[in-house]
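This briefing goes through the side-chain contacts of one protein model, grouped by topic. Please look at the sequence and the structure first, and then read the points that follow.

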Amino acid sequence: QVQVVESGGGSVQAGDSLRLSCATSENTFGRYAVAWFRQAPGKERECVASLYKNRASTYYAKFGKGRFRITRDNAENKVFLQMNSPKPEDTAIYYCAVTRSVMTNSVGNYDCWGQGHRVTVSS
């Protein structure tokens, strides 16, 4: 299976920008859809953004529209989540995930997960 490792998290002030990086063991373009999920303590894991496996089509959760952007660097086998104007409500563990299916925002359709990276946003 594809190995996934996230990085780039940490603590930021509200209004700052943050970019998460997801390194995969192989190029996902043309074979896998990719997505970012997040999970806050006591909350269910939810999809933040996803990217179609061979197109630029994307999905964004309502809370991320206009603030978050998911991109893929095919040459570097990386997936990014750009977080602009983060809010305290964005504080969570963020996960990168991969699926052979078409683009989807469903947790159950992903079986290759990173270990997660914490993002903390303060006021």
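The structure holds five aromatic pairs, where rings of Phe, Tyr and Trp (for Trp the six-membered ring) count as a pair if their centres lie within 6.5 Å, with planes under 30 degrees apart called stacked, over 60 edge-to-face and the rest tilted. A search of the whole structure also finds four salt bridges and one disulfide. This is a predicted model, in which local features need pLDDT of at least 70 and side-chain atom pairs count only at pLDDT 80 or more, while totals for chains, interfaces and linings use all residues. Residues are numbered from 1 along each chain as its sequence is written, and side-chain values use heavy atoms, with hydrogens and water left out.

**Aromatic pairs**

- The ring centres of Phe37 and Tyr110 are 5.2 Å apart and the ring planes stand at 75°, so this pair is edge-to-face.
- Phe37 belongs to strand E4 (residues 33-39) and Tyr110 to the loop between E9 and strand E10 (112-113), so the pair ties together parts that are 73 residues apart in sequence; helices (H or I, at least four residues) and strands (E, at least two) are DSSP runs, numbered from the N terminus.
- Phe37, with 0% relative accessibility, counts as buried, and Tyr110 counts as buried at 5%, where buried means under 20% relative accessible area, exposed over 50% and partly exposed in between, with a 1.4 Å probe and protein chains only.
- The rings of Tyr95 and Trp113 also form a pair, with centres 6.3 Å apart and planes at 80°, so they are edge-to-face.
- Because Tyr95 lies in strand E9 and Trp113 in strand E10, this pair ties together parts that are 18 residues apart in sequence.
- Tyr95 is buried, with a relative accessible area of 13%, whereas Trp113 is partly exposed at 22%.
- Phe37, Tyr95, Tyr110 and Trp113 are linked into a cluster by ring pairs.

**Charges over rings**

- Arg38 lies over the face of Phe63, at 3.7 Å from the ring centre; a charge sits over a ring if NZ of Lys or CZ of Arg is within 6 Å of the ring centre and within 35 degrees of the ring normal.
- Arg45 lies over the face of Tyr95, at 3.8 Å from the ring centre, and Tyr95 is also a member of the ring cluster described above.

**Salt bridges**

- Side chains of opposite charge can pair when their charged atoms come close, and the cut-off for a salt bridge is a side-chain nitrogen of Lys or Arg within 4 Å of a carboxyl oxygen of Asp or Glu.
- Asp90 and Arg38 meet through their side chains in a salt bridge (2.8 Å, N to O).
- This pair links distant parts of the chain, with Asp90 in the loop between strand E8 (78-83) and E9 and Arg38 in strand E4, 52 residues apart.
- Asp90 is buried, with a relative accessible area of 2%, and Arg38 counts as buried at 6% relative accessibility.
- Arg38 forms a salt bridge with Glu46 as well, the closest N and O atoms being 3.0 Å apart, and Glu46 counts as partly exposed at 32% relative accessibility.
- Glu26 and Arg31 form a salt bridge between their side chains (2.8 Å, N to O), in which Glu26 is partly exposed at 24% relative accessible area and Arg31 is partly exposed at 44%.

**Cysteines**

- Cys22 and Cys96 are joined by a disulfide, with an S to S distance of 2.1 Å, where the cut-off for a pair of cysteine sulfur atoms is within 2.5 Å.
- The pair links distant parts of the chain, with Cys22 in strand E3 (residues 18-24) and Cys96 in strand E9 (residues 92-99), 74 residues apart.
- The torsion about the S-S bond of Cys22 and Cys96 is about -85°, so the disulfide is left-handed, and both cysteines are buried.
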